[in-house]
Amino acid sequence: MTAEKNRRIVKNTSILYFRMIFTLGVSLYISRVVLNTLGIEDYGIYSVVGGFVIIFSFLNNSMATATQRFLSFEIGKNNFPQLTKVFSMSVNIHWVIGAVIFILAETIGLWFVNTKLNLPEERMAAAIWVYHLSVFSFVVTIVSVPYNALIIAHERMNVFAWITIVEVFLKLFAVFVLQWYAFDKLELYAVLMFAVALIVLFFYWFYCKRNFSEARFRIFLDYSLFKSMMSFSVWSLWGNVAFVMYGQGVNILLNIFFGPVINAARGIAYQVHGAVSGFVQNLQMAMNPQIIKSFAEGDLKYMHQLIFQSSKFSFFLLFIVSLPILLEAESILKLWLGVVPEYTVIFTQLVIVNVLIDSVSGSLMTAAQASGKIKLYQMVVGGLLLLILPISYIFLTYGFPPDVTLLVSIIVSVLAFIARLVIIRLLVELSISEYLRKVILPIIPVVLLSIILPITFKFLFLEGHLRSITVCISSVVSIIVVIYFVGLNRDERLFIVNKLNNFYINVRKS
């Protein structure tokens, strides 16, 4: 049974990586064209105004976490009558959340955008247009959550991958439309992104309706289930408020102190963040349902094994793509964008360091969700993350440069990781010493040994394309070799060798 689960994880991870590699290249091209088409200032306006809407996502994110957890939990228990109730309840709740967020965004949010953001006067009309369309797009995304969550809970990662590929193609088409018409580019881009969100919602709804019997929406209220889901969501709400505030809250701080050009730099850095973190998210997305289902089945031993593997491999996969960017950020950004706004390079490097730290925490978050006892976890971790915003404000008030916000985030992320580890020990009986031995100890020598060769090349060669190519290739090769011989144990090496042999045999047969 465990072997079958592992095969399913490997299959789903492979599918998600195919999806990611395909969409990554297209998305990076889209970002370049959008930046060059809109210009740095309008790109910054879209980043801060469109991003401001995300502040209201704390309501949706908390319920989305609950939906994913409850659906996976009931599938793990093979309780399909209850699964149908959970799905219907989650759809009802997400429609309510969408209505609440729409009202908040079009009242309080609209007032804030009009009166507090640092935007060019001549672009205010376009900025307000972008804001309204961003609100509509976000509400559409909210109501699609239960359908998305149901696909992932059933581990239909191939479907999730194909819908994502369709979405990125639609965005690519939108970029071409943006260049064809003489309409205000910023306003047109917001309209096109709203259209893409509607089409993607239709695909999720259509697939679930055709393939899952429980996806028959009906107006439904089960007070006991509602109480359980909302109790889980309330504490998730605290953590999501913290996540959103330190993300978009800092973005607004930077706009107030420095203007939209800095928002453009930060927006580009987080484009890179989204690209590289996809290497982690795909693995975790494939493993998370199994972590929750293992807890539901009472198989804590297998659950702990998944936590260790997810944390370690998440870091390794992310480090493979992150080190070349850390060492050659300026060259890569120039090649990608052509024009690189000020502070983009340091923002990108610090963002990558932050995501490397967070990469080992993904499975710990899922373990907390699986337990259902998230009160202490969210209070402590959410409380730490909320500190990023006021501490950043204090530093900016005293005249520190904008990158200080990311330095604060990195320090708090380290503290949050320590807190997560201590709390998860209490929730799912996870041994901290075993976690350190199986996850952290293999990571340290991999980092220290694999950076030697690429750093040597960086200092030996003069700046230019030859150095960038040499550093990037040597980084990837060094990391892979060191991971194989130092980062993996004997069973993990044997597993990889067997998978490669099977792949080679299948290729020869075909």
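This short talk goes through the nonpolar core, the ring pairs, one serine and the salt bridges of a predicted model.

Let me start with the core. The largest nonpolar core has 143 residues, and the members that touch the most other members are Val-49, Leu-119, Ile-151 and Tyr-435. Helix α5, residues 124–153, gives this core its largest share, 16 residues.

Take Tyr-435 from that list. What does Tyr-435 touch, if we do not count residues up to four places away in sequence? Its partners are Ile-307, Phe-308, Ser-311, Val-360, Leu-364, Phe-417, Leu-421, Leu-430 and Ile-440.

Next, the aromatic rings. There are 17 aromatic pairs in the structure. One of them is Trp-111 with Phe-112: the ring centres are 6.4 Å apart and the planes stand at 70°, so this pair is edge-to-face. Planes over 60 degrees apart count that way. Trp-111 has a relative accessibility of 49%, and therefore counts as partly exposed.

A second pair is Phe-202 with Phe-203. Here the centres are 6.1 Å apart and the planes are at 55°, so the pair is tilted. Phe-202 is partly exposed at 44% relative accessibility, and Phe-203 is partly exposed at 32%. Ring pairs also bring in Trp-205 and Phe-206, which form a cluster with Phe-202 and Phe-203.

Lys-312 sits over the face of Phe-313, 5.6 Å from the ring centre.

Is Ser-450 buried or exposed? Its relative accessibility is 0%, so Ser-450 counts as buried. Ser-450 belongs to helix α17, which covers residues 432–450. A polar atom of its side chain lies 2.5 Å from the backbone oxygen of Val-446. The side chain of Ser-450 also reaches the backbone oxygen of Val-447, at 3.5 Å. Leaving aside neighbours within four places in sequence, Ser-450 is in contact with Phe-319, Leu-323, Pro-445, Ser-478, Ile-479 and Val-482.

That leaves the salt bridges. Side chains of opposite charge can pair when their charged atoms come close. How many salt bridges does the structure hold? The number is 5.

I will show three of them. In helix α6, residues 157–180, Lys-171 and Glu-167 lie 4 residues apart, about one turn of the helix. Their side chains meet in a salt bridge, at 3.5 Å from N to O. Lys-171 is partly exposed with a relative accessible area of 29%, and Glu-167 is partly exposed with 22%.

Glu-330 and Lys-334 also form a salt bridge, with the closest N and O atoms 3.4 Å apart. These two are 4 residues apart in helix α11, so about one helical turn separates them. Glu-330 counts as partly exposed at 39% relative accessibility, and Lys-334 is partly exposed at 44%.

Glu-328 counts as buried, at 2% relative accessibility, whereas Lys-458 is partly exposed, at 23%. Through shared partners, salt bridges join Glu-328, Lys-458 and Arg-467 into one network.

That is the end of the talk.

Key
Residues numbered from 1 in each chain as written. Predicted model: local features only at pLDDT ≥ 70, side-chain atom pairs only at ≥ 80, totals over all residues. Heavy atoms only, no water. Core = buried A, V, L, I, M, F, W, Y, C linked by side-chain atoms within 4.5 Å. Buried < 20%, exposed > 50% of the residue type's maximum accessible area, 1.4 Å probe, protein only. Contact = heavy atoms within 4.5 Å. Phe/Tyr/Trp six-rings, centres within 6.5 Å; stacked < 30°, edge-to-face > 60°. Lys NZ or Arg CZ within 6 Å of the ring centre and 35° of its normal. Polar contact = N/O pair within 3.5 Å; in protein donor to acceptor, adjacent residues only side chain to side chain. Salt bridge = Lys/Arg side-chain N within 4 Å of Asp/Glu carboxyl O.
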